[in-house]
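These are my notebook entries on one structure. I set down what I looked up, entry by entry.

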Amino acid sequence: MMNASAERALGAPVVVGVDGSGPSLRALDWAADEAVARGVPLRVVYACLWKRYEDAALARDIGRPTTVPLAQDVVGAAAQRARDRHPGLRVNADMVFEEPEYALLREGRSATALVVGSRGRGGIAELLLGSVSLAVAARADCPVIVLRAGPEDRAAPAARGHVVVGVGEDTKSAAVRFAVEEARRRGVPLDAVRAWRCPAHESTDHPLLAGEPARLHEERAAQDLEAALRDVPDDVDVRRRTVEGHARQVLVDASHGAGLLVVGAARREGHFGLRLGRAAHAALHRSACPVAVVPHDA
């Protein structure tokens, strides 16, 4: 097992939370791919208040389908699964007997990114997000990547599909920077989307100005988009789009066919943790692809 000082020397790890369930194994595969792409170690964390695990999803990897494995079996099998997927990957695995939410938030303080499944062993509805995943995405100090539940235990390679980023009024967005690096690392296009709306009262106040307020809002959105993307390297293929509508619905629509959707979450001084806006909240619950929540100062 790699010690903390060695891990720091190699770069902050990608941390993945596992519990042996199908969604968490999918997150494990995705996190292993991400760690390899970034050239950093993978840290596998199993946080639970119980010493025994009672779920069949990991039985194939453990190789003892009739047993009730101990926690060390779960974390050991997860680490081996990551090594089998990427031989040579530096893997540090640990089990912590405490609430998963608190353990993962602590791990996030020294992580490049946190990866979690949408639901753990208690989840039964794919359209809903587990409480641990939601809490970690809302409060972590580092980017959090949430993988929604899928029909297969094993994840597709993380590089598939373009990267989508929601662009707001912040022209120095941490979410945009994260999305640019993800697209560049994967060698895929970046779809930068800026949603805009024209309030109803602005379009009806004066009949001679019909359509003019909407045009002004769209132009302002295009200006915000250009300002946010001014420092994007030339080797990144960027697609710029301004779309009329609620940001939450625009981003969910844009997630179809994408490999990753990136949204921001504001950290406000004097408030505990991050505040998830409506767009980020909708993305976590309804996105058709993995979602990266990137913290930034408000």
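Is aspartate 191 buried or exposed? I found that aspartate 191 is buried, because its relative accessible area is 7%. I note the cut-offs here: buried means under 20% relative accessible area, exposed means over 50%, and partly exposed lies in between (1.4 Å probe, protein chains only).

**Entry on the model.** I record that this is a predicted model, in which local features need pLDDT of at least 70 and side-chain atom pairs count only at pLDDT 80 or more, while totals for chains, interfaces and linings use all residues. Residues are numbered from 1 along each chain as its sequence is written, and side-chain values use heavy atoms, with hydrogens and water left out.

**Entry on strands S7 and S8.** I looked up the partner of aspartate 191 and found a salt bridge with arginine 241, with 3.0 Å between the closest N and O atoms. This pair links distant parts of the chain, since aspartate 191 lies in strand S7 and arginine 241 in strand S8 (residues 238–244), 50 residues apart. A salt bridge is a side-chain nitrogen of Lys or Arg within 4 Å of a carboxyl oxygen of Asp or Glu. Helices (H or I, at least four residues) and strands (E, at least two) are DSSP runs, numbered from the N terminus. Arginine 241 is partly exposed, because its relative accessible area is 34%.

I then turned to arginine 194, which is placed in strand S7 (residues 190–196). Arginine 194 counts as buried because its relative accessibility is 11%. Leaving aside neighbours within four places in sequence, I found arginine 194 in contact (heavy atoms within 4.5 Å) with residues including Val167, Glu169, Asp224 and Arg241.

How many salt bridges does a search of the whole structure find? The search finds 17. One that I examined joins the side chains of arginine 43 and aspartate 94, at 3.4 Å from N to O. Arginine 43 is in strand S2 and aspartate 94 in strand S3, 51 residues apart, so the pair links distant parts of the chain. Arginine 43 counts as buried at 10% relative accessibility, whereas aspartate 94 is partly exposed at 28%.

I also examined arginine 185 and glutamate 182, whose side chains meet in a salt bridge of 2.7 Å, N to O. The two are separated by about one helical turn because they are three residues apart in helix H7 (residues 174–186). Arginine 185 is partly exposed, with a relative accessible area of 31%, and glutamate 182 counts as buried at 1%.

**Entry on strand S4.** I found S4 mostly covered, with five of its five residues buried. Ala113, Val115 and Gly117 point one way from S4, while Leu114 and Val116 point the other way. In a regular strand the side chains alternate between the two faces of the sheet.

Which strands pair with S4? S1 and S4 run parallel and are joined by three bridges; S4 and strand S5 (residues 144–147) also pair in the parallel sense, over four bridges. Two strands pair if DSSP finds at least two bridges between them. I noted valine 16 opposite valine 115 in S4, and glycine 117 opposite leucine 147 in S5.

**Entry on helix H5.** The buried residues of helix H5 (residues 100–108) include Ala103, Leu104 and Leu105. I found that the buried residues of H5 pack against several elements, among them strand S4 (113–117) and helix H6 (131–139).
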